[in-house]
Amino acid sequence: MVTDTLDIQISRAENSNISQLDFNNLTFGKHFSDHMLVADYEDGQWQNFRILPYGEISLSPAISSLHYGQAFFEGLKAYKLADGRVSVFRPYKNAERFNKSAERLCMPQLPEDLFVQSIAALVDIDQQWIPEKENHALYIRPFMFATEAALGVHPSSSYKFCVLTGPVGPYFSKYLKVKVETEYSRACDGGFGFAKAAGNYAGSLLPAKKAAEEGFDQLIWTDSREHAYVEELGAANIIFMIDGKMVTPSTRDTILKGVTRDSILEIARSWNLPVEERRIAVTEVLDGIKSGKVTEAFGVGTAATITPIAAIGFEGEIYTLPDPAKGEYAAKLRKTLDDLKYGRAADTNNWNFIV
Ligand code: PLP
Ligand code: COI
């Protein structure tokens with residue numbers, strides 16, 4: 001039985017795959033480090049935490065996550081600090097959100113310390129996989145899924161918690177051209193948009209594919225009732241600079257409460273920049289682009305980091321933002337956050353969890 005301190009069995013890989021990797025040519029999410037962590041929830045308890053060589057796991061085709069979607073994930077990153085230490089960025093924020101997702105999907109809680117200790121142990125073992133390059137990091141993907149082999153619709157009696165890691169470069173390699181979605185919805189009131197549920201992403205694929213066919217990189221999701229208010233992007237939260245203020249949609253049950261968003265708002269407030277978390281009408285953004293009030297827009301997320309938006313499409317019309325290369329705040333925020341994450345600036349907020 002596992003209580004406060006984690007007892008992890010470790011089976012090391014006989015050979016490392018690291019020599020096969022070209023660190024100068026990383027595709028996001030395609031490369032995996034040598035090890036993974038797996039734990040089982042059985043008989044009402046988390047047990048059997050183990051680190052083993054990354055590889056396939058054998059499962060029944062009847063497991064309920066495959067049929068009824070009890071599955072969710074997290075995303076966070078580890079960095080090599082300037083002084084050589086290894087750090088994970090704000091893992092307790094992800095631990096908290098992990099349990100919010102679990103609660104909504106009727107899945108068991110994982111004590112926050114066990115979540116963080118699991119990640120720290122895995123990152124420690126594979127720390128040579130952390131890229132030491134600007135804009136690069138070791139991406140960490142914790143996830144939980146239902147493993148009971150049963151076709152009745154009910155909460156599973158067993159689950160697996162797993163963590164994978166892999167070196168990544170930037171998720172987006174250019175400024176974004178995004179489309180305001182006015183037909184499909186990602187999340188609805190009373191639903192689970194705030195959770196990192198696998199199903200939220202499944203439902204976003206067709207609309208995103210259609211938008212990609214029209215030349216867009218991402219969607220701006222809007223509220224499902226009227227499609228009149230901005231919510232977030234497909235893989236990131238969204239922030240605007242309007243009239244010198246930082247403005248972002250307030251979080252609600254349809255929006256993922258991003259750790260990057262939270263960090264940026266805290267930094268902006270520390271600069272005494274006016275910050276508004278509120279509902280943002282699509283028309284406010286489009287009119288503001290036309291009048292010059294909207295000076296910048298950017299996607300913010302763990303994978304996305306801070307990616308400027310160059311243009312927004314709405315009902316066949318393209319609204320072009322001022323040249324993102326001249327955007328003051330996206331660049332300044334990115335530098336401040338990166339200096340902190342790579343250990344080049346004092347971590348006054350205690351955001352770096354040293355492994
Ligand atoms: N919104 C969605 C839909 C996401 O997938 C992500 C990525 O995790 C975010 C927002 C940003 O969240 P975070 O900053 O915690 O990575
Ligand atoms: C992340 O930023 O960690 C995400 O989960 C985005 C993604 C779906 C790749």
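Me: How is the protein chain divided?
Reply: The protein chain splits into domain 1 (9–169) and domain 2 (176–341), with bounds that come from an automatic or database domain assignment. This is a predicted model, in which local features need pLDDT of at least 70 and side-chain atom pairs count only at pLDDT 80 or more, while totals for chains, interfaces and linings use all residues. Residues are numbered from 1 along each chain as its sequence is written, chains are lettered from A and ligands numbered from 1 in the order in which they are written, and side-chain values use heavy atoms, leaving out hydrogens and water.

Me: How many Å separate the domain centres?
Reply: The centres of domain 1 and domain 2, taken over C-alpha atoms, are 27 Å apart. The contact between them (heavy atoms within 4.5 Å) takes 22 residues from domain 1 and 24 residues from domain 2.

Me: Switching to ligand 2, which residues are around it?
Reply: Counting residues with a heavy atom within 4 Å, the shell around ligand 2 includes F28, F73, Y139, R141, K196 and A303. At least three residues come from each of domain 1 (9–169) and domain 2 (176–341).

Me: What polar side-chain atom lies 2.6 Å from an oxygen atom of ligand 2?
Reply: That atom belongs to Y139, and it makes a polar contact, meaning here a pair of N or O atoms within 3.5 Å. The side chain of K196 also places an N or O atom 2.8 Å from an oxygen atom of ligand 2, and A303 has a backbone N or O atom 2.8 Å from an oxygen atom of that ligand. Taken alone, ligand 2 exposes 280 Å², of which the protein buries 90%, with areas from the Shrake-Rupley method using a 1.4 Å probe.

Me: And ligand 1, how many residues surround it?
Reply: Ligand 1 is surrounded by 17 residues, and the closest are K196, Y201, E232, T260 and T302.

Me: Which side chains have an N or O atom by an oxygen atom of ligand 1?
Reply: Among them are R97, at 2.8 Å, and Y201, at 2.6 Å. From the backbone, an N or O atom of V259 lies 2.8 Å from an oxygen atom of ligand 1. On its own ligand 1 exposes 380 Å², and the protein buries 96% of that.

Conventions:
Polar contact = N/O pair within 3.5 Å; in protein donor to acceptor, adjacent residues only side chain to side chain.
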